[in-house]
Amino acid sequence: MKIVVFTGAGISAEAGLKTFRGSEGLWETYKIEDVATPEAWERNPQLVIDFYNQRRKQVITTQPTEAHYLLADLEKKYPNMWIITQNIDDLHERAGSKNVIHLHGEIRKVRSSVDPNLIYNQEGWELKIGDTCELGSQLRPHVVWFGEEVPLMELAYEITLQADVFVVIGTSLQVYPAASLAYMISENTDKWLIDPNPSITDTSYTIIKANASEGLRMWKKIMKL
């Protein structure tokens, strides 16, 4: 059985990480165009770096939730299981998951601002102006900004199309192209949505109205996994 799990901010919100959307989300405090676009980087790299430094600092001090550990345990039983996540934190990996695709990048990594293939682990939480790659170019957060291509999208499509079971956890399905994964699955795929406030209208999904940890416990019991 090939299981593919598609996770969003809801699974990390349980750990205490601020989401970007919602009534108290980060976009209520910051404007997208000021901190999450290539133009923002060109205009004020210090502000962009400060914004993501704070995100990184919070991630480092946050621990995986029960939901993250439940998924990691499931991967041990089904080694070809994949997690496709919109989240930029590393909580899936820290819980033990190995097969993780980060569609929107990884906050604990940085990359060259001239060559996107030069990616480095960020030691500690603070990236500074003057920190450069091996080409001498300023390092930037390794995240996908609005207006940039999602480089791992094709791989995510390929893996999603192979799914026997597809589980969506904690995502509003409002950010594209990532959200398109939820709608491109084969009719024969067993589809599930775990979310306390589900927004999907696709009736082919079985919906569990619960947060990530509770919902995964319920789902595993139903599936007898």
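## Burial and the model

A residue counts as buried when its relative accessible area is under 20%. The structure described here is a predicted model. Phe6 has a relative accessible area of 0%, which is under the 20% limit, so Phe6 is buried. Phe166 also counts as buried, at 0% relative accessibility.

## Aromatic pairs

How many aromatic pairs does a search of the whole structure find? The search finds three. One of them joins Phe6 and Phe166: the ring centres are 6.4 Å apart and the planes meet at 25 degrees, so this pair is stacked. The angle decides the label, because planes under 30 degrees apart count as stacked. Phe6 belongs to strand E1 (residues 3-7) and Phe166 to strand E7 (residues 165-169), so the pair ties together parts that lie 160 residues apart in sequence.

Phe51 and Tyr52 form an aromatic pair as well, and this one is edge-to-face. Its centre-to-centre distance is 4.9 Å, with 90 degrees between the planes. Phe51 and Tyr52 are both buried.

Strands of a sheet pair through backbone hydrogen bonds, in either a parallel or an antiparallel way. In this model, three strands form an open sheet in the order E5-E4-E6, and the pairing is antiparallel. Strand E5 (119-121) and strand E6 (139-143) are the edge strands, each pairing on one side only. From one strand to the next, the twist averages 45 degrees.

Strand E4 covers residues 105-112 and pairs with E5 over three bridges, in the antiparallel sense. Arg111 stands opposite Ile119 in E5. Helix H4 (residues 45-60) packs on the sheet, where it touches E4 and E6. The direction of H4 makes about 135 degrees with that of E4.

Is His92 buried or exposed? With a relative accessible area of 1%, His92 is buried. This residue is located in helix H6 (residues 91-95).

Leaving aside residues up to four places away in sequence, His92 touches Thr7, Ile11, His68, Leu71, Ile83, Thr85, Ser97 and Val100. One of these, Thr7, is in strand E1 (residues 3-7), the strand that also holds Phe6.

Terms used: Residues numbered from 1 in each chain as written. Predicted model: local features only at pLDDT ≥ 70, side-chain atom pairs only at ≥ 80, totals over all residues. Heavy atoms only, no water. Pairing = 2+ DSSP bridges. Helix = DSSP H or I, 4+ residues; strand = E, 2+ residues; numbered from the N terminus. Axes fitted to C-alpha atoms, helices over the stretch in contact; angles between N-to-C directions. Contact = heavy atoms within 4.5 Å. Phe/Tyr/Trp six-rings, centres within 6.5 Å; stacked < 30°, edge-to-face > 60°. Buried < 20%, exposed > 50% of the residue type's maximum accessible area, 1.4 Å probe, protein only.
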